[in-house]
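My entries follow in the order I looked things up.

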Amino acid sequence: PFIRLDQSMNEPVFCSAPVWNPFGTTVVDGNAGGYSPNNIFIDQNNTIYLSTFNQMHLRIWPQGNLSHGLNRTSNLNQSEGLFVSATGEIYVDNGAAHNRVEKWSSFNGTLVMNTNGSCVGLFLGPNETLYCSSFTQH
């Protein structure tokens with residue numbers, strides 16, 4: 001299959017003439033996000049995904065619904081990496097304690113990659129190839 005090298009997966013669409021907002025807007029604060037938010041991912045629909053380092057859950061805020069985030073509790077422990085596919089599947093690092101990357105299609109994770117530590121960065125490339133940037137393995 002032909003793969004365009006100039007196109008990224010889940011590339012956000014920006015205005016052709018962006019302007020910096022000097023006042024900013026807080027969309028998620030520490031109370032809503034939880035203790036030690038570590039990962040953030042914003043998908044093509046402007047849904048915000050946030051996982052925390054010290055808590056065992058992932059929070060999700062669909063666009064326009066910042067007051068009530070969905071809470072996906074799981075056996076996450078010191079999660080470092082997070083990526084959401086174009087089809088909404090969530091890939092999350094669970095390597096610090098469990099040496100694995102999980103894929104969440106619903107409220108339960110399934111093993112998709114064994115690791116030797118945390119994946120501080122996750123990326124799903126063409127042909128659903130999963131890439132892990134491992135801090136401890138250099």
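**Rings**

I began with the aromatic pairs and got four of them, counting rings of Phe, Tyr and Trp (its six-membered ring) with centres within 6.5 Å. A note on the source: this is a predicted model, where local features need pLDDT of at least 70 and side-chain atom pairs count only at pLDDT 80 or more, while totals for chains, interfaces and linings use all residues. Residues are numbered from 1 along each chain as its sequence is written, and side-chain values use heavy atoms, with hydrogens and water left out.

A pair of aromatic rings is described by the distance of the centres and the angle of the planes. For the angle I use stacked under 30 degrees, edge-to-face over 60 and tilted for the rest.

I looked up F41 and Y49: the centres are 6.5 Å apart and the planes stand at 70 degrees, so I wrote down edge-to-face. Next came accessibility, where buried means under 20% relative accessible area, exposed over 50% and partly exposed in between (1.4 Å probe, protein chains only). F41 is buried at 13%, and Y49 is buried at 7%.

Then I took F123 and Y131, with centres 6.5 Å apart and planes at 45 degrees, so that pair is tilted. Here F123 is partly exposed at 31%, and Y131 is partly exposed at 45%. Ring pairs join F41, Y49, F83, F123 and Y131 into a cluster.

**Core**

I went on to the nonpolar core, meaning a set of buried Ala, Val, Leu, Ile, Met, Phe, Trp, Tyr and Cys residues joined through side-chain atoms within 4.5 Å. The largest one has 18 residues, and Y49, L82, I90, L122 and L130 have the most contacts inside it. Two or more residues each come from β3 (57-61), β5 (82-84), β6 (90-93), β7 (100-104) and β9. My strands are DSSP runs (E, at least two residues), numbered from the N terminus.

I picked L130 and listed its contacts (heavy atoms within 4.5 Å). Leaving aside neighbours within four places in sequence, L130 touches Y91, V101, V112, M113, L122, F123 and L124.

**Hairpin and disulfide**

Which way do β9 and β10 pair? They run antiparallel, over five bridges; pairing needs at least two DSSP bridges between the strands. I found G121 opposite S133 in β10. The hairpin has five residues between its strands, and N127 has a positive phi near 60 degrees there.

How many disulfides are there? I count one, taking a pair of cysteine sulfur atoms within 2.5 Å. It joins C119 to C132, S to S 2.0 Å. The link of C119 and C132 is left-handed, at -100 degrees about the S-S bond. C119 is in β9 (residues 119-124) and C132 in β10 (residues 130-134), so the bond ties together parts 13 residues apart in sequence. C119 is buried at 0%, whereas C132 is partly exposed at 31%.

**T115**

Last, I checked T115, in the loop between β8 (109-114) and β9. T115 is buried at 11%. A polar atom of its side chain sits 2.7 Å from the backbone oxygen of G117.

Technical notes
Helix = DSSP H or I, 4+ residues; strand = E, 2+ residues; numbered from the N terminus. Polar contact = N/O pair within 3.5 Å; in protein donor to acceptor, adjacent residues only side chain to side chain.
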